[in-house]
Amino acid sequence: MTFLKTLFISSFVAVAASANATQWEKIKTPIQGKAQSIGGYSNGCIIGAQPLNLKGEGYQVIRSLRNRYYGHPQLLDYLTDLGKRAKASGIPTILIGDMGMPAGGRFSSGHASHQTGLDADIWLRLGPMDDETAKNPSGLATIMVNRDTNRVYERLWNQHHTNLLKLAATDSRVDRIFVNPAVKVKLCHDAGSDRAWLQKIRPWYGHDAHFHVRLTCPSDATSCENQAPVPAGDGCGEELYSWFIPKTASNTPKTKVLPTPPVQCQMILSSQGLN
């Protein structure tokens with residue numbers, strides 16, 4: 001492909017993305033102020049978000065061109081600490097994907113959550129990438145689940161994956177971690193007698209190439225809304241296996257109605273001339 005053709009395609013994609021951008025995606029730098037996560041994970045925003053360094057001990061940020069590597073300082077501290085603990089445990093470099101945008105808020109694609117600076121995706125592919133590839137590693141995710149059989153690929157899964165998820169879940173700041181239901185089954189099978197950490201590992205659709213960490217609201221975030229607590233137990237019983245029962249599809253189309261953002265988030269948009 002010629003340079004001019006490549007440049008044209010890149011420019012066309014950029015223009016299309018800009019045209020479809022939400023108001024929040026038009027905010028390119030954090031809102032100054034004391035760090036405050038506002039609203040719920042799927043309907044909120046953040047003041048005082050900070051960018052995560054693109055490289056650190058034991059971790060590397062990928063897809064940085066998306067400008068989605070911002071979060072509450074507690075999320076940054078959690079991820080940098082997880083990188084160090086992973087490295088100390090012999091786990092190859094962990095790859096951190098989408099966190100949140102500079103002011104949080106709704107994405108035009110990819111996520112309904114990640115809006116309050118307390119969510120982060122971590123790839124199940126392990127090991128570093130060169131800097132240029134890391135910016136936009138399209139097509140390089142490792143799918144860990146056979147989508148036909150709903151089982152983890154045993155040839156791809158190894159002890160590092162189990163150890164990483166256990167490390168990720170045992171931090172007290174973690175509210176829950178979303179994984180593919182087949183990954184949860186694998187973890188339930190391999191966990192042994194130490195099973196308390198499995199409570200925070202929650203099955204959810206997709207998530208066959210990454211897992212999604214969600215922190216609880218910081219103690220001083222009075223406008224932040226936590227989810228309901230996770231159920232008691234390790235979550236390895238009937239509830240888990242119900243995810244594999246085929247669901248009857250409804251013929252009635254669902255109308256998606258986006259919730260009204262919290263008043264504080266609306267004020268942020270107004271302050272940026274976007275409301």
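## Exercises on a mixed sheet and its aromatic rings

In this predicted model, 7 strands form an open sheet in the order β4-β5-β7-β8-β13-β11-β12, with mixed pairing.

**Exercise 1.** Work out which strands stand at the edges of the sheet, and why one side of each is left without a neighbour.

**Exercise 2.** Describe how strand β8 is joined to strand β13, and find the helix that lies across both of them.

*Solution.* Strand β8 (residues 119-126) and strand β13 (residues 210-215) run antiparallel and are joined by 5 bridges. Within this pairing, Trp-123 has His-210 of β13 as its bridge partner. Helix α4 (residues 159-169) lies across β8 and β13, as well as across β7 (94-96), β11 (174-179) and β12, and runs at about 150 degrees to β11.

**Exercise 3.** Classify the ring pair of Trp-204 and Tyr-205, and state which aromatic cluster contains these residues.

*Solution.* The whole structure holds 6 aromatic pairs. In the pair of Trp-204 and Tyr-205, the ring centres are 5.5 Å apart and the planes stand at 65 degrees, so the pair is edge-to-face, given that angles over 60 degrees count as such. Trp-204 is partly exposed, with a relative accessible area of 44%, whereas Tyr-205 counts as exposed at 53%. Together with Phe-178 and Trp-243, Trp-204 and Tyr-205 form one aromatic cluster.

**Exercise 4.** Identify the ring over which the charged end of Arg-214 sits.

*Solution.* The charged end of Arg-214 sits over the ring of Tyr-41, 4.3 Å from its centre.

Note on methods:
Residues numbered from 1 in each chain as written. Predicted model: local features only at pLDDT ≥ 70, side-chain atom pairs only at ≥ 80, totals over all residues. Heavy atoms only, no water. Pairing = 2+ DSSP bridges. Helix = DSSP H or I, 4+ residues; strand = E, 2+ residues; numbered from the N terminus. Contact = heavy atoms within 4.5 Å. Axes fitted to C-alpha atoms, helices over the stretch in contact; angles between N-to-C directions. Phe/Tyr/Trp six-rings, centres within 6.5 Å; stacked < 30°, edge-to-face > 60°. Buried < 20%, exposed > 50% of the residue type's maximum accessible area, 1.4 Å probe, protein only. Lys NZ or Arg CZ within 6 Å of the ring centre and 35° of its normal.
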